[in-house]
Amino acid sequence: MADTESPDISSSSEAPAPETAPRRWFVLRDLTRPLAKLPAYKRLGDAGFEVFTPLRESVSTIGGKRIRREVPVIHDLLFVHSSRRELDPVIDAVDTLQYRYVKGGAYCEAMTVRDDDMNRFLRAVRSVEYPEYYSPDEISADMLGKEVRIIGGTLDGYSGRLLSRRGSRKKRLLVSLPGLLTAGVEVEPDYIQFV
């Protein structure tokens, strides 16, 4: 499918019937090309779905001009808060959009993230201007610093490990969605309590 073509998915989200199916955070794959004009996270957002994909700022040259834009950190990873009943017609209509399935789970069991875990993660990454994102295979044992608890500030009550990086003066707390994504969010040293 060319990038300029996009199936109409807005009709599937128009004033749905009263919702009886639970809304969950589904983990999806976007199979469009990395520089597609209309990636799945934008398409779903325009259709009224609550979507999260980790973004970073990138500068590229297009037609001789340097353009700054936000691009996904992990191109094919996105999270959509919806019910399966609302999302299934959209997945069927868009060839480049798929559920991620639970490895070793039941047949076609869509991967989901618990609301509490996702809300905790979103609160952390939205509390700072530039979170650093890591895929599970990028986190090594030598990157894991001391166990800490955050006392005060926007991340009050969070606990976890600090990101250990040589030469860095900034303190970053690692916040994870296990097996999917980890974010390093900057914390003030005054709020850190070592466990």
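Glu86 is buried, at a relative accessible area of 13%, where buried means under 20% relative accessible area, exposed means over 50%, and partly exposed covers what lies in between (1.4 Å probe, protein chains only). The model is predicted, and local features need pLDDT of at least 70, side-chain atom pairs count only at pLDDT 80 or more, and totals for chains, interfaces and linings use all residues. Residues are numbered from 1 along each chain as its sequence is written, and side-chain values use heavy atoms, with hydrogens and water left out.

The side chain of Glu86 meets that of Arg23 in a salt bridge, at 3.1 Å from N to O, a salt bridge being a side-chain nitrogen of Lys or Arg within 4 Å of a carboxyl oxygen of Asp or Glu. Because Arg23 lies in the segment before strand S1 (24–30) and Glu86 in helix H2 (residues 84–93), the pair ties together parts that are 63 residues apart in sequence; helices (H or I, at least four residues) and strands (E, at least two) are DSSP runs, numbered from the N terminus. Arg23 itself is partly exposed, with a relative accessible area of 37%.

Arg23 is also among the residues that touch His81, together with Arg24, Trp25, Glu50 and Asp115, when residues up to four places away in sequence are not counted; contact here means heavy atoms within 4.5 Å. His81 is found in strand S5 (residues 78–82), and its relative accessibility of 14% makes it count as buried.

The structure holds nine salt bridges. In one of them the side chains of Arg68 and Glu57 meet at 3.6 Å, N to O, and this pair links distant parts of the chain, with Arg68 in strand S4 (residues 65–72) and Glu57 in strand S3 (residues 55–62), 11 residues apart. Arg68 counts as exposed at 59% relative accessibility, whereas Glu57 is partly exposed, with a relative accessible area of 48%. Elsewhere, Arg29, Asp76 and Arg100 are linked in a network of salt bridges.

Turning to the rings, a search of the whole structure finds four aromatic pairs, where rings of Phe, Tyr and Trp (its six-membered ring) pair if their centres lie within 6.5 Å, and planes under 30 degrees apart count as stacked, over 60 as edge-to-face and the rest as tilted. Phe52 and Phe121 form an edge-to-face pair, 6.1 Å centre to centre with 75° between the planes, and this pair links strand S2 (residues 50–52), which holds Phe52, to helix H3 (residues 115–126), which holds Phe121, across 69 residues. Both of these phenylalanines, Phe52 and Phe121, are buried. Ring pairs also link Phe26, Tyr99 and Tyr101 into a cluster, and Arg84 lies over the face of Tyr99, at 4.2 Å from the ring centre; a charge sits over a ring if NZ of Lys or CZ of Arg is within 6 Å of the ring centre and within 35 degrees of the ring normal.

Phe121 leads on to H3, whose buried residues are Met118, Phe121, Leu122, Ala124 and Val125. They cover an arc of only 165° around the axis, which puts them on the same side of H3, the arc being that of the directions from the helix axis to the C-beta atoms. The face of H3 turned away from this buried side carries the exposed residues Asp116 and Arg126. The side chain of Asp116 meets that of Arg114 in a salt bridge, at 3.9 Å from N to O, and both Arg114 and Asp116 are exposed.
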